Amino acid sequence: MIANYGFKDGSGDWYVTIDTDKCNGCGKCVEVCPEKILEVGPDEIDIFREEPVAFVKHEERKKIRYHCAPCKPGYGSEPPPCAAACEPRAISHSDGWKACFKDSHQ
Ligand code: SF4
Ligand code: SF4
């Protein structure tokens, strides 16, 4: 299942996406996230899933645009730490940050 955390507004798409079919609950993304916005726990979308899965903390979902910005392509390391740490490649990000910061960080 594809879980999108974040929001879309007039300035762009600001999502962290986790493919829960690929996520094995290892927690490596949680360890490397500098803003501590990720967590591993019960799957709130698929209540029949028994294995833990990664998600973005509830209180952080409206702040993703700002918290993830320092990690984004053109505004820090590429790929972001969470994606680099995820061996099954379960985490991806929308392009809002790239479009927003490309002019000031080329
Ligand atoms: S690093 Fe990847 S596989 Fe491990 S918990 Fe995070 S999203 Fe899931
Ligand atoms: S982009 Fe950075 S702040 Fe955002 S979830 Fe990934 S590691 Fe955490």
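Start with the open sheet: three strands, in the order β1-β2-β5, with antiparallel pairing. Because β1 (2–9) and β5 (91–93) stand at the edges with a single partner strand each, one side of each has no neighbour in the sheet. From one strand to the next, the twist averages 10 degrees. That angle is taken between N-to-C directions, on a scale from 0 to 180 degrees, using axes fitted as lines to C-alpha atoms. Strands here are DSSP runs of E with at least two residues, and helices are runs of H or I with at least four, both numbered from the N terminus. Two strands pair if DSSP finds at least two bridges between them.

This is a predicted model, in which local features need pLDDT of at least 70 and side-chain atom pairs count only at pLDDT 80 or more, while totals for chains, interfaces and linings use all residues. Residues are numbered from 1 along each chain as its sequence is written, and chains are lettered from A and ligands numbered from 1 in the order in which they are written.

**The whole chain**

Color by secondary structure. Along the sequence they read β-β-α-β-β-α-α-β-α. Of the 106 residues, 28% count as buried. A residue is buried if 20 or more other C-beta atoms lie within 10 Å of its own, exposed if 12 or fewer, and partly exposed in between, with C-beta atoms placed from the backbone. Take the contacts between residues at least 6 apart in sequence: 61% of them join residues at least 24 apart. A contact puts two C-beta atoms, placed from the backbone, within 7 Å.

**Strands β1 and β2**

Select β1 and β2 (residues 12–19). They pair in the antiparallel sense over eight bridges. Pick G6, then look across to β2: its bridge partner there is Y15.

What is V16 in contact with, leaving aside neighbours within four places in sequence? The partners are Y5, G6, V56, I64, C68, I91 and H93.

Move to β4 (residues 53–56). Side chains in a regular strand alternate between the two faces of the sheet. In β4, V53 and F55 lie on one side and A54 and V56 on the other, and all are buried. V40 stands opposite A54.

**The two ligands**

Show ligand 1. It has 15 residues around it, and the closest are C23, C26, C29, A54 and C86. A residue belongs to this surrounding if its C-beta atom, placed from the backbone, lies within 6 Å of the ligand. The shell divides into 11 nonpolar, three polar and one charged. Ala, Val, Leu, Ile, Met, Phe, Trp, Tyr, Cys and Pro count as nonpolar, Asp, Glu, Lys and Arg as charged, and the others, Gly among them, as polar.

Show ligand 2. Around it are V16, C33, P34, E35, I37, L38, H67, C68, C71, P80, P81 and C82. By class, this shell has 10 nonpolar, one polar and one charged residues.

**Loops to visit**

Zoom in on E35, in the loop between α1 (28–32) and β3. E35 counts as partly exposed because it has 17 C-beta neighbours inside 10 Å. P70 is 35 residues away in sequence, yet the two C-alpha atoms are 9.7 Å apart.

Step to K36, in that loop between α1 and β3. Its phi is near 55 degrees, a positive value in a residue other than glycine. Is K36 buried or exposed? With 10 C-beta neighbours inside 10 Å, K36 counts as exposed.

From K36, jump to E60: 24 residues apart in sequence, 9.2 Å apart from C-alpha to C-alpha. E60 lies in the loop between β4 and α2 (64–67). Why does E60 count as buried? Because E60 has 21 C-beta neighbours inside 10 Å. Beyond four places in sequence, E60 touches I37 and H67.

Finish at R89, in the loop between α3 (81–85) and β5. R89 is not a glycine, but its phi is positive, about 60 degrees. It counts as exposed, with 11 C-beta neighbours inside 10 Å.
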